[in-house]
Amino acid sequence: MGNFSQKIDKFIEIFISQNGYVRVLEGLKNTLYIAIVGLLIGILIGTLIATVRVIPKYKALPRILNGFCSFYVGLFRGTPIVVQLLVVYYVLLPLMGIRMSGVQVSVLVFGLNSAAYISEIMRSGILSVDHGQMEAGRAVGLSFGTTMMKIVIPQAVKNILPTLGNEFIALIKETSVVSFVGAADLYVAFNYIGSNSYEFMVPYLVMAIIYILIVLIISVGIKIMERSLRKSDRRH
């Protein structure tokens, strides 16, 4: 017990006296920023991909776009996200002569990766909406795109909200690999504290607790949104 108290004392010393908390706050900010912006990018691109994949394939262009989207989804779902980070940061960007920070690359890769998964989630959500909704929209003179964006997709989002919440939680946890491209996340912050105190038990325990608290907050937020949407449905 006394040994564990010493470990805690070392952690507090680095965390407070040597401004370790500054690194933790920066790491927390970067973790949330990468996950939130990555999710938003994923929702935008994923919705476009899902829309393309449910469009009737009567003409050549929809078939070509569908083939491209299928390749995109297979590529990003078939490779680990850490490999995607490394390839983009150390191979593609230098070849194209583009310079981006580790955080910027992480946002980009997490967004593109999330889009592949969200596209499948959104596609299942769109297919779960009664086909009569599309027919009703077209019957009143709306185009396919307008009907999809204003009628079908809003209903699909209600159906897939819990799954989108799970995707957000997955992004939060996966940000622990962004240190491979030099981004300072929670792992980097607590690793710094552990390296300076020569004691990793307490820093890693605290890091795990922070991740758990973030996930719990997101889960509660998703449940509140679900209840709100159910009440809205009952009113209508």
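## Close-up views of a predicted helical model

View 1. Glutamate 120 is buried, with a relative accessible area of 19%, where buried means under 20% relative accessible area, exposed over 50% and partly exposed in between (1.4 Å probe, protein chains only). The structure is a predicted model, in which local features need pLDDT of at least 70 and side-chain atom pairs count only at pLDDT 80 or more, while totals for chains, interfaces and linings use all residues. Residues are numbered from 1 along each chain as its sequence is written, and side-chain values use heavy atoms, with hydrogens and water left out. A salt bridge is counted when a side-chain nitrogen of Lys or Arg lies within 4 Å of a carboxyl oxygen of Asp or Glu, and by this rule the count comes to three. Arg53, Arg77, Glu120 and Arg123 are linked in a network of such bridges.

View 2. With arginine 53, glutamate 120 forms a salt bridge in which the closest N and O atoms are 2.6 Å apart. Because glutamate 120 lies in helix α5 (residues 102-128) and arginine 53 in helix α2 (residues 20-54), this pair ties together parts that are 67 residues apart in sequence; helices (H or I, at least four residues) and strands (E, at least two) are DSSP runs, numbered from the N terminus. Both glutamate 120 and arginine 53 are buried. In the salt bridge between glutamate 120 and arginine 77, the closest N and O atoms are 3.9 Å apart, and this pair links distant parts of the chain, with arginine 77 in helix α3 (residues 60-77), 43 residues from glutamate 120 in helix α5. Arginine 77 counts as partly exposed, at 42% relative accessibility. The side chains of glutamate 120 and arginine 123 also meet in a salt bridge (3.1 Å, N to O), and because these two residues are three residues apart in helix α5, they are separated by about one helical turn. Arginine 123 has 25% relative accessibility and so counts as partly exposed.

**View 3. Packing of α2 against α5.** Two packed helices are described by the angle between their axes and the distance between the axes. α2 and α5 pack at an angle of about 40°, with their axes 5 Å apart, the axes being lines fitted to C-alpha atoms, for helices over the stretch in contact, and the angles running from 0 to 180 degrees between N-to-C directions. The two helices are therefore oblique to each other, since angles under 35 degrees count as roughly parallel, over 145 as roughly antiparallel, 65 to 115 as roughly perpendicular and the rest as oblique. The crossing of α2 and α5 is right-handed, meaning that the near helix is turned clockwise from the far one by less than a right angle. The residues of this contact of α2 with α5 divide into 19 nonpolar, nine polar and three charged; Ala, Val, Leu, Ile, Met, Phe, Trp, Tyr, Cys and Pro count as nonpolar, Asp, Glu, Lys and Arg as charged, and the others, Gly among them, as polar.

**View 4. Packing of α2 against α7.** The axes of α2 and helix α7 (residues 144-174) cross at roughly 140° and come within 10 Å, which makes α2 oblique to α7. The crossing of α2 and α7 is right-handed. Residues of α2 including Leu32, Ile36 and Leu39 meet residues of α7, among them Met148, Phe168 and Leu171, where contact means heavy atoms within 4.5 Å.

**View 5. Methionine 122 in helix α5.** Methionine 122 has its place in helix α5 and is buried, with a relative accessible area of 2%. Among the residues that methionine 122 touches are Thr47, Ala50 and Ile153, not counting residues up to four places away in sequence.
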